[in-house]
Amino acid sequence: MAPAVAAAASAAVSQALRDRQILDAVGTGAAALSLVGSSFIVLCYLLFRELRKFSFKLVFYLAVSDIFCSLFTILGGPSNAFYCFAHDYSAHFFCVASFLWTTTIAFTLHRTVVKHKTDVEEFGSIFHLYVWGTSLATTVLRSIGSDYGRPGSWCWIQQGSMAKVLHLITFYLPLWGAILYNGFTYYEVNRMLNNATRMAAGISDRSNQSDIKADRKAFNRWGYYPLILIGSWAFATINRLYDFTNPGHKIFWLSFLDVGFAGLMGLFNSIAYGLNSSVRRAISERIDMFLPERIKRSLPTLSRLRSQQENELTSLIVEGN
């Protein structure tokens with residue numbers, strides 16, 4: 001009987017080890033993709049002077065936060081208690097900062113498009129205080145009473161119920177607050193554009209209708225932005241709640257979706273926020289400078305990007321002097 005029990009225990013340990021290796025590989029791979037995508041946005045901001053406007057500065061800070069969030073995800077949770085402590089602070093800080101920067105973008109959009117204000121650049125210092133200050137406060141609070149012994153894939157995942165409650169309060173509560181705020185912003189801007197479309201149709205102002213249709217086409221991109229955070233963190237939220245109510249019992253497929261989608265947040269942000277028409281146009285113009293005319297004529301895509309005058313809502317945000 002004893003050998004059978006020992007064999008079963010050994011098999012369970014081996015399976016848990018394999019599951020951990022798979023989850024680590026998935027998390028590292030997803031974070032690497034996010035690191036590449038976010039680094040590309042930062043590189044574009046540094047190389048192309050025409051992108052250094054207030055609206056894209058917010059995207060730049062979002063990308064920087066995603067870079068460090070992804071970087072510490074790739075590094076994983078060190079076994080050394082001190083480095084685990086440093087990892088905890090750093091990863092939590094930049095991941096919270098990442099989704100907080102999306103709320104500053106949403107605020108800027110709402111204030112410019114719905115309230116028709118042009119003073120958004122004056123909020124730059126307030127944005128920094130809000131994002132970095134809130135990230136620091138939640139990170140310090142999260143560290144209270146934590147045991148950095150690395151019982152899970154992350155330094156901050158502890159077995160005690162108090163630590164799990166703190167994790168939910170300091171990370172998932174502001175996360176879903178950001179999701180709700182971004183969703184509210186989308187609703188308000190969408191309602192404003194719908195009203196403007198009906199008014200333009202009522203007065204038969206064709207030029208005004210075409211402008212509003214262009215705005216709505218651009219706004220279709222913004223409509224997906226609240227879904228980025230939902231898609232990135234829905235499985236992680238479910239996994240944390242399940243772990244809180246069922247301690248010690250893990251569901252592998254849920255953990256797989258958790259680490260996979262959460263790790264891709266930076267990639268999703270870089271595609272949605274960063275790859276707008278201004279970035280594509282800047283890239284195509286640089287490529288156009290070095291390609292021979294014969295090759296340029298054979299690439300209609302470059303010509304289309306070069307002449308594209310897509311009216312995105314980001315252009316409605318104050319572009320700076």
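User: Hi! How far apart are the end C-alpha atoms of residues 89-114, and how much of the span is helix?
Analyst: Those end C-alpha atoms lie 37 Å apart, and the span is 96% helix and 0% strand. Helices here are DSSP runs of H or I with at least four residues, and strands are E runs of at least two, numbered from the N terminus. This is a predicted model, where local features need pLDDT of at least 70, side-chain atom pairs count only at pLDDT 80 or more, and totals for chains, interfaces and linings use all residues. Residues are numbered from 1 along each chain as its sequence is written, and side-chain values use heavy atoms, with hydrogens and water left out.

User: Thanks! And what about residues 251-275?
Analyst: Their end C-alpha atoms lie 36 Å apart, with 88% helix and 0% strand. An unreviewed UniProt entry lists both 89-114 and 251-275 under "transmembrane region"; such annotations may be inferred rather than shown by experiment.

User: New topic: is K164 buried or exposed?
Analyst: K164 is buried, because its relative accessible area is 10% and buried means under 20%, exposed over 50%, partly exposed in between (1.4 Å probe, protein chains only). K164 lies in helix α5, residues 161-203.

User: Which side chain does the side chain of K164 make a polar contact with?
Analyst: That of D243, at 3.2 Å. A polar contact is a pair of N or O atoms within 3.5 Å; within protein, one must be able to donate a hydrogen and the other to accept it, and residues adjacent in sequence count only if both atoms are side-chain atoms.

User: Last one: what does L175 touch?
Analyst: L175 touches F99, L229, W233 and T237, not counting residues up to four places away in sequence. Contact means heavy atoms within 4.5 Å.
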